[in-house]
Amino acid sequence: MKKIEAIIKPFKLDDVREGLSSIGVSGITMTEVRGFGRQKGHKELYRGAEYNVDFLPKIKIELVVPDDLVDRAVETILVHAKTGKIGDGKIFVFDVEQVVRIRTGETDEDAI
């Protein structure tokens, strides 16, 4: 099993969620986050004052999938989150040693 974390632009969340659902991903966790990479933020003008916005709003999605679904899930995120512009985000893939469903006690792939 693998855990996939992806940082994407907020307006791409619905596209990514629908794409993942279509390939059989049964659940994701979404968190609103802020950060910067090569974008390095930007300047905004508010009531005549200019200020730096260093941390830009992003969405972090997390999902755990069986090994045979990892490549399809990563490709689906790539296709649905890409705009071709700076700040599209990143995808991270981690090994998962164990999963336990709290309600039933099911473990590993039965629990995802």
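From the N terminus on, this protein's elements run β-α-β-β-β-β-α-β. What you're looking at is a predicted model, where local features need pLDDT of at least 70, side-chain atom pairs count only at pLDDT 80 or more, and totals for chains, interfaces and linings use all residues. Residues are numbered from 1 along each chain as its sequence is written, and side-chain values use heavy atoms, with hydrogens and water left out.

**Exercise 1. Find how many helices and strands there are, and work out the order of the strands in the open sheet.**

Step 1: Start with the tally: two helices and six strands. Both kinds are DSSP runs numbered from the N terminus (helices: H or I, at least four residues; strands: E, at least two).

Step 2: Now line up the open sheet, where four strands sit in the order E2-E5-E1-E6 with antiparallel pairing. Two strands pair if DSSP finds at least two bridges between them.

Step 3: Look at the edges. Strand E2 (29-35) and strand E6 (90-95) each have a single partner strand, so one side of each has no neighbour in the sheet. On average, neighbouring strands here are turned by 20° against each other, direction ignored.

Step 4: Zoom in on one pair. E1 (residues 2-8) and E5 (residues 56-65) run antiparallel and are joined by seven bridges. For Ala6, the bridge partner in E5 is Ile61.

**Exercise 2. Place the helices H1 and H2 against the strands.**

Step 1: H1 (residues 13-22) lies across E1, E2 and E5, and runs at about 10° to E5. Axes are lines fitted to C-alpha atoms, for helices over the stretch in contact, and angles run from 0 to 180 degrees between N-to-C directions.

Step 2: H2 (residues 70-81) lies across E1, E5 and E6, at about 5° to E1.

**Exercise 3. Track down the largest nonpolar core and see which residues touch the most other members.**

Step 1: Buried means under 20% relative accessible area, exposed over 50%, and partly exposed in between (1.4 Å probe, protein chains only).

Step 2: The largest core has 18 residues, and Ile4, Leu20, Ile61, Leu63 and Ile77 touch the most other members. E1, H1, E5 and H2 each give two or more residues to this core, with the largest share, five residues, coming from H2.

Step 3: Follow Ile77. Leaving aside neighbours within four places in sequence, its contacts (heavy atoms within 4.5 Å) are Ile4, Ala6, Val16, Leu20, Ile61, Leu63, Lys82 and Ile91.

**Exercise 4. Decide whether Phe11 and Lys12 are buried or exposed.**

Step 1: Phe11 has its place in the loop between E1 and H1, and Lys12 is found in the loop between E1 and H1 too.

Step 2: Phe11 has a relative accessible area of 58%, so that residue is exposed. Lys12, at 13%, counts as buried.

Step 3: Check what Lys12 touches. Not counting residues up to four places away in sequence, the list is His80, Ala81, Lys82 and Thr83.

Conventions
Core = buried A, V, L, I, M, F, W, Y, C linked by side-chain atoms within 4.5 Å.
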